[in-house]
Amino acid sequence: MKSAARACLLVGIAIAMRAQGPEAAPAAPAVLPFQPFRLELGGYGDYFQNAGGWWRGFDSTLWIRKSPKFVPALTFDSRTSDAGTERYYSFFSYANWTPNFFTTQAVSGTPDGGTATLPLLFPRLRYDAKAWWKLPPHRRAVAGLGFTRYTLDNGLNGTIINPGMLYYSGPLVFDLEGFINRTEPGSFWSGSGLLAIQQGREGHHWVGVSVGGGRQTYRELMNLPLAVRFASVSVDTFYRKWLTRNSGFVVSAGYFDAFHTYQRFLVTGHVFFEF
């Protein structure tokens with residue numbers, strides 16, 4: 001029972017991954033006239049019921065927004081439990097190609113985990129790319145199409161196709177995302193969706209909530225080949241507040257339920273500085 005729960009934990013987290021970025025909608029820290037750098041530091045507690053127990057972590061992200069054409073971000077994440085520590089490194093960026101077309105891209109991975117005592121909680125290697133088009137006549141609607149490729153251990157890997165649509169209405173941002181997942185070995189297909197709503201503006205506050213659900217399918221190879229299928233639902237929320245012109249805090253919470261398999265509870269707290 002423990003090995004099955006551990007297997008569902010490592011693969012379920014990988015397949016449930018969303019488009020890589022700090023919040024649901026692709027709203028990068030604004031470029032000039034804001035400060036050219038943003039450093040965000042914080043920690044979190046992550047509890048997996050029926051699989052993995054408590055994990056605690058520290059992460060940091062440095063945004064470099066000196067150019068309106070290219071905005072990169074570097075992230076380091078360290079997650080620890082009684083089983084050990086797992087590190088995750090990520091490079092993420094926005095590229096503005098024309099007034100109506102931009103892309104997001106990222107590469108990330110971990111050198112740790114995947115042992116008998118330390119489960120793999122992050123992809124071994126992952127890369128993402130997504131193209132976005134601002135639609136006429138008012139450019140309030142933004143259509144996106146993304147691609148993700150990730151690898152785990154024991155021959156497990158997958159591909160995610162991610163169509164999406166953003167809509168801006170005053171201080172509100174609506175984000176509808178779909179995820180078409182293909183996992184190997186076995187060429188298993190599954191799908192999920194996500195709806196997110198954000199409200200606010202840069203320099204004052206952002207608040208948002210997202211709800212997702214779908215099915216995940218993969219083949220477990222740790223002992224004997226076994227097709228594993230389960231449904232899941234998730235709810236996440238965050239609040240970002242500027243306390244001064246160049247500093248503030250972020251708090252967030254999340255719940256993920258892989259029905260009849262495991263549940264995940266997440267709380268985070270961060271501070272950020274712009275300079």
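**Strand pairing, loops and confidence in the predicted chain**

Ser 108 is buried, with a relative accessible area of 4% (buried means under 20% relative accessible area, exposed over 50%, and partly exposed in between, with a 1.4 Å probe and protein chains only). This residue belongs to strand β5, residues 101–109. Helices (H or I, at least four residues) and strands (E, at least two) are DSSP runs, numbered from the N terminus. The side chain of Ser 108 makes a polar contact of 2.5 Å with that of Tyr 88. A polar contact is a pair of N or O atoms within 3.5 Å; within protein, one must be able to donate a hydrogen and the other to accept it, and residues adjacent in sequence count only if both atoms are side-chain atoms.

The model is predicted: local features need pLDDT of at least 70 and side-chain atom pairs count only at pLDDT 80 or more, whereas totals for chains, interfaces and linings use all residues. Residues are numbered from 1 along each chain as its sequence is written, and side-chain values use heavy atoms, with hydrogens and water left out.

The chain contains 1 helix and 14 strands. Of its 275 residues, 47% are buried. Among contacts with a separation of 6 or more, 51% are between residues 24 or more positions apart; contact means heavy atoms within 4.5 Å. The accessible surface comes to about 13000 Å², and carbon and sulfur atoms contribute 65% of it. Accessible areas come from the Shrake-Rupley method with a 1.4 Å probe; for residues, only the protein chains shown count as cover.

Strands β1 (residues 37–49) and β2 (residues 53–64) run antiparallel and are joined by 12 bridges. Two strands pair if DSSP finds at least two bridges between them. Leu 39 has Leu 62 in β2 as its bridge partner. On to strand β3 (residues 70–81), β2 is joined by 8 bridges, again in an antiparallel arrangement. Here Arg 56 stands opposite Thr 80 of β3. The two strands β2 and β3 form a hairpin with 5 residues between them. Lys 66 lies in this loop between β2 and β3 and counts as exposed, at 53% relative accessibility. Its C-alpha atom is separated by 9.1 Å from that of Phe 34, which is 32 residues away along the chain.

Strand β8 (residues 157–169) pairs with β9 in the antiparallel sense over 11 bridges, and Thr 159 stands opposite Arg 182 of β9. The hairpin of β8 and β9 has 2 residues between the strands, and Gly 170 takes a positive phi near 60 degrees there. Strands β9 and β10 also run antiparallel, joined by 12 bridges. In this pairing, Gly 191 in β10 is the bridge partner of Ile 180.

The loop between β9 (172–184) and β10 (188–201) contains Pro 185. The peptide bond joining Glu 184 and Pro 185 is cis, with omega about 0 degrees. In the hairpin of β9 and β10, with 3 residues between the strands, Gly 186 has a positive phi near 110 degrees. Ser 187, found in the loop between β9 and β10, has a positive phi of about 50 degrees although it is not a glycine. Ser 187 is partly exposed, with a relative accessible area of 33%.

Most residues other than glycine have a negative phi, and most peptide bonds are trans. Both kinds of exception also occur in the loop between β6 and β7. Pro 137 lies between β6 (125–134) and β7 (141–151), and the peptide bond from Pro 136 to Pro 137 is cis, with omega near 5 degrees. Arg 139 lies in the loop between β6 and β7; its phi is positive, near 60 degrees, in a residue other than glycine. At 38% relative accessibility, Arg 139 counts as partly exposed.

The mean pLDDT of the chain is 84, and 82% of its residues reach 70 or more. Over residues 1–27 the pLDDT is below 50, and this stretch has 78 contacts in the model beyond near neighbours in sequence. Residues 219–228 stay under 50 as well, with 22 contacts beyond four places in sequence. The pLDDT is the predictor's confidence in each residue, from 0 to 100.
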